[in-house]
Amino acid sequence: MQVASWRGVYPGLIPADVIDRLGVEHRIAQWTAFFDRGRDREALLVAEHDREVVGMASLATARDKDLEGAVGEVRALYVTPDHWDHGHGRDLIEAGEAWLGAHGFDTAILWVLTANDQARRFYEAVGWARDGATKIEDLYGALLPHVRYEVNLSATV
């Protein structure tokens, strides 16, 4: 599901050879490690349609050192392209905000590729705003600019 989403959204934003490297085997290893950790303040939410997983959101404590207070992070949110515009993304972000709020976080952040206008419009439409932070991530040699978004979780309840 996650790989299908990448292949739908990232062409033109991330070099094709990088997308190809982020295949199913890589995701299986990553998610196996995620579930093996079993940490209390991490969660994976899924969206289903006809008993098929069509979307996911990964949630945890924010990793950024410049943040103060109880800050959670939406580390990933993906929906398969054939289920875009069906409300799954909105359902996942709302459920993610609720989960983070219920686990003691006051604010949440997420990072998005600067060039990913589709995702940025989505996050802004559901109440998230840029907080001014930027970074460059090195993904297999591709230097990818990102912007950070935040939301006040007490305002989303």
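Analyst: Y149 counts as buried because its relative accessibility is 0%, under the 20% cut-off. The model is predicted. Y149 sits in strand β6.

Its surroundings come next. Leaving out residues up to four places away in sequence, Y149 touches A108, I109, L110, V112, R120, Y123, E124, W128, A129 and R130. One of these, E124, also makes a polar contact with Y149: the two side chains are joined at 2.6 Å. Y149 and D50 are 99 residues apart along the chain, and their C-alpha atoms are separated by 32 Å.

Now the nonpolar packing. In soluble globular proteins, nonpolar side chains tend to be buried together. Here the largest nonpolar core has 25 residues. V74, I93, L100, L110, Y123 and W128 have the most contacts inside this core. Two or more residues come from each of β1 (42-49), β2 (52-61), β3 (71-79), α4 (88-102), β4 (107-113), α5 (117-125) and β6 (142-152). Helix α4 gives the most, with four residues.

Setting aside neighbours within four places in sequence, L100 is in contact with L59, A60, G72, E73, V74, F105, A108 and L153. A108 is also touched by Y149.

Another core lies apart from the largest one. This other core has 14 residues, including V3, L22, M56 and Y78.

Note on methods: Residues numbered from 1 in each chain as written. Predicted model: local features only at pLDDT ≥ 70, side-chain atom pairs only at ≥ 80, totals over all residues. Heavy atoms only, no water. Core = buried A, V, L, I, M, F, W, Y, C linked by side-chain atoms within 4.5 Å. Buried < 20%, exposed > 50% of the residue type's maximum accessible area, 1.4 Å probe, protein only. Contact = heavy atoms within 4.5 Å. Polar contact = N/O pair within 3.5 Å; in protein donor to acceptor, adjacent residues only side chain to side chain.
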